[in-house]
Each structure stands twice: as C-alpha cells, then as structure tokens.
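Subject: Structure handover

Hello,

Please load it before reading on.

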Amino acid sequence: TVAQRQQIDVTIIFGMVARPSSQLVGPVEEYWRFDNKFEPTNPWAQRAMMAMCNVPDKMRVVTGYCWIQQFQQYLVEIGKQFPSRDFHSDVIDWYTSDPNSGQAHLWFVNQKMLACKMQFWTDHSKEMGAQKALKYKKWWDEFVDGNNKVASVTGNRAWHTADAWVRAEAEVAIIKSTMDTIILSAACGGFGMLLFTGDPWLSAIVLFLVLGIISGLAFFMVSIMGWAIGPIEVVSLVVFVGYSVTFALHIAHDFAVVQEDDPMLLETEHWIEQKAAKKRSRSGVSEQEAVEDAAPPSTAPLAVSGKLVGRRLREARARTAILHMGRAMISSAASTMGSSAFLLLCTLSIFGKLGAVVIAVSFLSICFALISLPATLIVIGPAPGPFHKRAHAKFRRWFSCLRGGDISKPEDCDGEQRAEGAGSESSGRARLQGLVAGFKRPQRRDRTTHEGQDLLE
C-alpha cells in the first residue's frame with residue numbers, strides 16, 4: 001500500500017464549470033463558475049451523485065468521502081426517504097447537525113447548495129510515470145463519463161480532477177514539444193550568430209557544434225546520471241541552448257575579424273618559427289640551417305613576412321582567436337561551475353539537478369569552444385574578410401569562367417586553389433590547356449581535310 005501522503009487524491013465535482021483554457025495576457029476574470037444546469041433538488045440528480053460513490057474495484061480506492069451517503073443515512077435516521085423531496089431544507093438540517101462532515105465538500109449561496117464534491121484516495125503513487133498516470137486517468141474518464149451518460153440533464157455534467165493528472169499531462173506535452181522547441185531555439189541562436197559574425201558558413205558551423213553540446217547534455221542526464229526524462233530535464237535542454245552558444249560565439253566572432261596582417265597573429269607565428277628552429281638545432285642541425293629549414297620554400301608565401309594562405313592561415317587565425325578569448329572564457333566557465341557546485345548539496349532534488357546540469361553544460365561548452373570548434377575552423381573555416389565581398393569575388397570568377405575566361409589568367413577560374421601552392425596551380429593550368437588543345441586540334445584537322453577535298457574536286 002502506498003503511503004498516505006503519496007496517494008493520488010481524485011475529486012469528482014458537481015455544479016461547477018472550469019475555464020476551458022488559460023488566459024495568456026491580462027488579469028483572469030474567473031477560474032470557475034457555478035453550473036446553472038445542476039439542480040440538486042431533482043431526485044435524479046441526487047441519484048447521479050450517489051452513483052459516483054460506487055467506484056469500481058480496479059480503481060483501488062483506499063478511502064473515500066461521499067457526503068451524499070452520510071446525507072442518505074441522516075434521512076433514514078429521521079424517518080425520511082432518499083432522494084429528498086425537500087432537498088435544501090434537509091441538507092441544511094444535516095449540515096448544521098454535523099458541520100464538520102460537509103464543510104469542505106459543499107458550496108452554499110443564500111441557503112441553497114449550488115455545488116459539491118466527492119473525494120477519493122487511491123492506492124497509486126503520485127510519483128508514478130506520466131504514461132501510467134494518464135492510463136489510470138483514462139479509467140476515471142470512463143467511469144465518470146459512463147455515469148454522466150445515464151444521468152439526467154440536471155446532474156450529468158460531473159467531472160474529476162487530480163494533481164497527478166495535471167503533472168502527467170504537462171510532462172507529456174513538454175516532452176512532445178521538446179524537439180520543436182530545441183529546433184526553434186537553435187534557429188534563433190543561429191540567426192543571432194549570423195548577425196554577429198556576418199558569415200552564414202561560420203554560423204552554420206557554430207550551430208552544429210551547439211546541437212552537439214545539447215546532445216552531450218542529454219547523454220549526461222539520461223545515460224550517466226540515469227535521470228528519467230521529465231519537466232526539469234526538458235526545460236534544462238531548452239533553456240541552456242542559449243547558454244551553450246556563448247563560448248562558441250566568442251571564438252567564431254574573433255576568428256571572423258582576425259586578418260592575415262593582425263599583429264598578434266604575426267607575432268605568434270614568428271614565435272612558433274623560432275621555437276621550431278631551436279628544436280631543430282637541439283636535434284643536431286645548426287641554428288642557421290634550422291631557420292632556413294623552418295622557412296617555407298620560395299614558391300610559397302612566408303609565414304610572417306609574406307601572406308599566410310590556405311590551411312596555414314586558418315590555423316593561425318584559430319590560434320589567435322583562442323589566445324584572444326581563451327583565458328576569459330576559461331575563467332567564466334570556472335566561476336560558473338564553482339558557484340553551481342553548492343547546489344549539489346541542496347536537499348531538494350530540483351536544485352541538485354540544476355547544479356549538475358549547469359556544471360555539465362559549462363564543461364561541454366568550454367571543451368567544444370576551445371577544442372572542437374578551432375579544429376573544425378582549421379579544416380573548413382571560411383576565408384578572412386566579409387562574406388558578401390568574398391561571395392561577390394567568387395561569383396565574378398565563376399561568371400568569368402562561364403563566359404570563357406582567358407586560360408592564361410588562372411585567377412579567373414581556379415580561385416583559392418591557386419593560393420594553395422604553385423604545384424597545384426601549374427597542374428590545374430596544364431589540365432585546362434590540355435583540354436583546350438584537345439578541342440582545337442581536331443577542328444584544325446577537319447578544316448585541312450575539307451580543303452584537300454576541295455582541291456581534288
């Protein structure tokens with residue numbers, strides 16, 4: 001048997017009509033009103049109330065309070081029949097004789113009873129799962145609706161309620177809308193990132209990493225902590241979408257604004273070259289030879305004195321972004337996790353869960369921002385400069401190729417591939433020239449053949 005304080009309390013109400021929906025904005029005029037169609041003076045309405053006390057055994061009712069049964073017993077004791085033909089007078093006499101019995105279950109206005117309720121405590125826990133609670137609620141729906149169908153119009157609008165029904169329906173509704181809400185929140189976050197970075201590709205990269213953080217948070221709650229998906233877990237997944245964007249957005253924005261001539265970028269690259277040269281000198285190579293070996297070949301741009309290009313430029317920009325924002329982000333994440341650690345010691349489970357979620361999402365966000373995001377930007381990050389200018393330049397190159405651009409000007413067609421190295425440039429140019437020569441040579445042979453035939457004729 002379930003402990004009394006954990007038992008589901010089901011209430012059946014006659015004579016009241018609740019609001020069909022909740023008001024979103026403004027003060028609420030009324031939460032409920034009396035049902036004008038309920039007439040307890042009608043004998044059939046009294047029989048309908050009595051029928052609601054005969055709850056089936058499958059409901060597992062432990063205790064219940066049906067005032068109508070006590071009222072019937074009172075009428076028998078004073079020599080009257082049930083149902084009462086003088087209901088209001090008889091029910092007031094019964095109420096005054098034992099006010100404690102009906103004080104919390106009857107509503108009177110001007111010496112007339114306008115509404116009442118029956119209350120039942122069942123052998124089912126309030127902590128039962130949402131799906132089981134809704135299945136149990138369905139049994140009560142069938143019981144109450146079945147009695148309403150056979151009752152007269154003066155007493156056929158009874159309804160039942162319980163705190164467990166409200167919690168179960170809210171939990172199911174929240175879980176069903178979780179994915180839609182996460183997608184909407186991620187879309188709003190992506191739009192915000194697009195406004196700050198000005199680069200759709202960069203925003204898309206950050207957005208996918210944010211979805212990865214949310215997936216990691218869900219794995220932490222379900223698999224590691226073993227929590228059942230409930231309102232707290234769902235709200236955590238939705239609310240922390242915006243928080244998980246913060247760290248990644250700082251790195252992405254700094255990556256977007258860093259150019260190849262940034263002083264900190266050049267200084268860092270120069271320091272890396274010197275460090276590599278010293279490492280080579282320790283391995284048996286002279287320092288002068290190590291510096292010469294560390295320098296790129298003459299056909300490629302120098303790391304510091306010349307232009308950085310391709311993957312090396314993306315790597316330098318990602319490194320500079322981390323150096324700009326890394327310390328501040330680590331300090332912010334550490335302070336957030338430290339302040340949330342005290343919530344783990346709270347007695348209420350909701351605060352303990354909230355503290356664990358904040359620590360987990362902070363840890364995941366800083367790891368994704370400082371490890372996964374820079375690695376992704378090094379591989380597929382966008383080129384420096386505003387997106388609209390890069391898109392316009394690339395469109396002009398493509399358009400020039402479609403119009404039949406001059407092959408002697410490889411910058412018209414090969415785009416960024418030319419910047420990756422002279423070897424790829426020469427091979428691409430050779431392939432294009434080979435294709436053009438292949439198309440032109442057959443035309444010359446055909447023209448010579450036709451001229452020879454004309455001479456013979």
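Ground rules come first. This is a predicted model, so local features need pLDDT of at least 70, side-chain atom pairs count only at pLDDT 80 or more, and totals for chains, interfaces and linings use all residues. Residues are numbered from 1 along each chain as its sequence is written, and side-chain values use heavy atoms, with hydrogens and water left out.

**Helix packing**

Helices (H or I, at least four residues) and strands (E, at least two) are DSSP runs, numbered from the N terminus. Axes are lines fitted to C-alpha atoms, for helices over the stretch in contact; angles run from 0 to 180 degrees between N-to-C directions.

Take α9 (residues 231–257) and α13 (residues 349–380). Their axes come within 9 Å and cross at roughly 30°. The two helices are therefore roughly parallel to each other. Angles under 35 degrees get that label; over 145 is roughly antiparallel, 65 to 115 roughly perpendicular, and the rest oblique. The crossing of α9 and α13 is right-handed. The contact of α9 with α13 has 18 nonpolar, four polar and two charged residues. For these classes, Ala, Val, Leu, Ile, Met, Phe, Trp, Tyr, Cys and Pro count as nonpolar, Asp, Glu, Lys and Arg as charged, and the others, Gly among them, as polar.

Now α1 and α2. They pack at an angle of about 120°, with axes 8 Å apart. That makes α1 oblique to α2. Here the crossing is left-handed. Left-handed means the near helix is turned anticlockwise from the far one by less than a right angle; right-handed means clockwise.

**Cavity**

How many cavities of 30 Å³ or more are there? The count comes to one. A cavity is a set of points, on a 1 Å grid over the protein atoms alone, where a 1.4 Å probe fits but cannot get out; lining residues have an atom within 4 Å of a point. Grid points are joined across faces, edges and corners, and a volume is the space filled by probe spheres set on the points.

The largest cavity has a volume of about 40 Å³. Its lining is F14, G15, D35, K37, F38, V153, T154, G155, N156, R157 and A158. By class, that lining divides into four nonpolar, four polar and three charged residues.

**Backbone geometry**

The peptide bond from F82 to P83 is cis, with omega near 5°. P83 sits in the loop between α2 (67–77) and α3 (87–97).

Two non-glycine residues to check have positive phi. R60 is at about 55°, in the loop between α1 (43–51) and β4 (61–65). R60 is partly exposed, with a relative accessible area of 40%. Buried means under 20% relative accessible area, exposed over 50%, partly exposed in between (1.4 Å probe, protein chains only). Q111 has phi of about 65°, in the loop between β5 (106–109) and β6 (112–125). Q111 counts as exposed, at 56%.

V62 is in strand β4 and is partly exposed, at 41%. V62 and T122 are 60 residues apart in sequence, yet 5.1 Å apart in space, C-alpha to C-alpha.

E39 lies in the loop between β3 (32–34) and α1. E39 is also partly exposed, at 38%. E39 and A115 are 76 residues apart in sequence and 9.2 Å apart in space, C-alpha to C-alpha.

Best regards

Conventions
On a 1 Å grid over the protein atoms alone, a cavity is a set of points where a 1.4 Å probe fits but cannot get out, and a pocket is an open set with protein on both sides within 12 Å along at least five of seven lines; lining residues have an atom within 4 Å of a point.
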